[in-house]
Amino acid sequence: MTLAERIRAHMPLRRWVLAGLGLGIIAYCVLALNWSWLQTPKYQGMIVQGVWNTIWILGVTMVLGFILAIPIGFVQAAGPWYLARPAQAFCTVIRGTPLLLQLWLLYYGLGSLFPLYPWIRESDLWPILRQAWPYAVLALTLSVAGYEGEVMRGAFKGVPQGQLEAARAFGMSRWGVFRRIWLPQAVARVLPTIGGETVLQMKSTPLVATITVIDIYAVASRVRQDTFIIYEPLLLLALVYLIIAGVIVALFAWFESRLPKRTA
Amino acid sequence: MADGSALSASLDLLAYSPPGWGANLLRGLGNTVLIALGAYGVGMFLGTLGAFGKLYGGPLTRDLLGLYTTLVRAIPELVLILILYFAVTDLVNQALLSMGYERIQISGVAAGIMVLGVVQGAYATEVLRGAIQSVPAGQIEAARAMGMSPLLVAWRITLPLMLPAAIPGMANLWMIVTKDTALLAVVGFNELVQESRQAAGTTKAFFTFFMAAGVLFLAMSLVSNQVFARIEAWASKGTKRGGI
């Protein structure tokens, strides 16, 4: 297929009209709305910092949460009851209550409890515990662990028994079976869903602004309070999140295209 | 800290009548359930339209619906709530002013239901679309061959047959909408989380009230699970389980 044919197949007339309309709306937004605050160096710096905070919080909590989710899922799929039950209860509680509530419980609850103990205040960790971001990272990590723990439980259960028996028959140790057969096959099963889960997690990150972490959402709120401009910061916010979501989807699509596919 | 007196002090704080805050929490729970039910209804309605539109609509309808579901699923609910809340209030007021009426204040409940409903609609569109596709094509063809109109086919054949496939996804959406009501706390609406924050802020008993709100949410989700299990059993009456 030539390029022109490909373009024609993807872009029939109605899509050109839609795209034109979209460009018109964007042009109107750029020209008619008030974007003067974007030229202030103070806000430019805050926006960059805010986007960076959103991204690192997203990355760190996804990785940590997923690492936690592996044992949580595994003990539910194959562990003894005294490990499986608490893990199951953890997933139920995390999935059954709003993330905002968990975040506030950790931040305000723990935050009001810690200062009561002198040894915590005197410890080297105190300067960190006084800030907001550890609570944000903890709450978002636990949230990923809860949701993904449930997903990993299904993935571990879904690995065919024959695979594990074959590995045992080869003389692998129990740990060897887990590391070389069980875990890789379970992870391969959930990989296609992780891109979507990451987008969902990205959509949860603005909640950290409610506990004074300065992510991009907090920056936009700050601009709105300072300048009394209502829509423009919100539109910028929507655009930033759209771009991040697009990048996540593209990254995972690229990553998945590089994985070997089973052909039989 | 965690001795008997602390426990009884917590229970006093949760008592139904003042100085306890139990009544406030229950009022918040009522608002949460109200908004969740309303938004779920709006979402199901939009989702049904969206799913049929995506599957059977013209190319333009499909493109527009694709835009709707993509945008809603990529932008955080919190941002959508703010944008839709301000934009809709503005539009309604401008329409009213141009017709010579006074400005009105849109109630928090109505705005919450509308906004969360639009968000739910996008997810429901995808859930219902998948469920409709699970209906064997032969059933629909047979109904058409019997001379049923498209609406009658949808009502008699497609909707009942897609129910068993749709219910797990719809149950999931209900869980999501009950938890998403918490986001309205950020815009100051008095649902359960906001009520518990006010109580906690006044009394400084953060653990007590956030835990209490968490227990109420958990109870809600456990009860909903039971209800949906019943509904699923009812909807999949007559379907074969296991085997081919």
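Predicted model: local features only at pLDDT ≥ 70, side-chain atom pairs only at ≥ 80, totals over all residues.
I began with helix H5 (residues 99-113) and helix H8 (residues 133-158) of chain A: their axes come within 9 Å and cross at roughly 140°. Axes here are lines fitted to C-alpha atoms, for helices over the stretch in contact, with angles from 0 to 180 degrees between N-to-C directions. Helices are DSSP runs (H or I, at least four residues), numbered from the N terminus. H5(A) and H8(A) are therefore oblique to each other. For the label: under 35 degrees is roughly parallel, over 145 roughly antiparallel, 65 to 115 roughly perpendicular, and the rest oblique. On the H5(A) side I listed contact residues including A:Leu99, A:Leu103 and A:Leu110, and on the H8(A) side A:Tyr135, A:Leu138 and A:Leu142 are among them. Contact means C-beta atoms, placed from the backbone, within 7 Å.

Residues are numbered from 1 along each chain as its sequence is written, and chains are lettered from A and ligands numbered from 1 in the order in which they are written.

Next I looked up helix H3 (residues 41-78) and helix H10 (residues 174-204) of chain A, whose axes come within 10 Å and cross at roughly 130°. That makes H3(A) oblique to H10(A). H3(A) passes H10(A) in a right-handed crossing. A:Leu58, A:Thr61 and A:Met62 of H3(A) make the contact with A:Thr198, A:Gln201 and A:Met202 of H10(A).

In chain B I checked helix H2 (residues 22-56) against helix H3 (residues 59-74): the axes come within 8 Å and cross at roughly 130°. H2(B) and H3(B) are oblique too, but H2(B) passes H3(B) in a left-handed crossing. B:Gly50, B:Gly53 and B:Lys54 in H2(B) meet B:Thr61, B:Arg62 and B:Leu65 in H3(B).

How many residues of H2(A) are buried? I got 0 among its 20 residues, so I noted H2(A) as hardly covered. Buried means 20 or more other C-beta atoms within 10 Å of the residue's own, exposed 12 or fewer, and partly exposed in between, with C-beta atoms placed from the backbone. I also checked the length of H2(A) (residues 13-32): at 1.5 Å a residue it should span 28 Å, and its end C-alpha atoms are 28 Å apart, which agrees. The expected span is 1.5 Å times one less than the number of residues.

**The core**

The largest nonpolar core has 102 residues, and those with the most contacts inside it are A:Leu100, A:Leu101, A:Tyr241, B:Phe209 and B:Ala213. Such a core is a set of buried Ala, Val, Leu, Ile, Met, Phe, Trp, Tyr and Cys residues joined through C-beta atoms within 7 Å. Helix H5 (residues 108-133) of chain B gives the most to this core, with 12 residues. Leaving aside neighbours within four places in sequence, I found B:Ala213 in contact with A:Leu101, B:Leu25, B:Leu192, B:Val193 and B:Ser196.

**Two partly exposed residues**

B:Met114 sits in H5 of chain B and is partly exposed, with 17 other C-beta atoms within 10 Å. Beyond four places in sequence, B:Met114 touches B:Val42 and B:Val88. B:Leu14 lies in the loop between helix H1 (4-13) and H2 of chain B.

Technical notes
Left-handed = near helix turned anticlockwise from the far one by under 90°.
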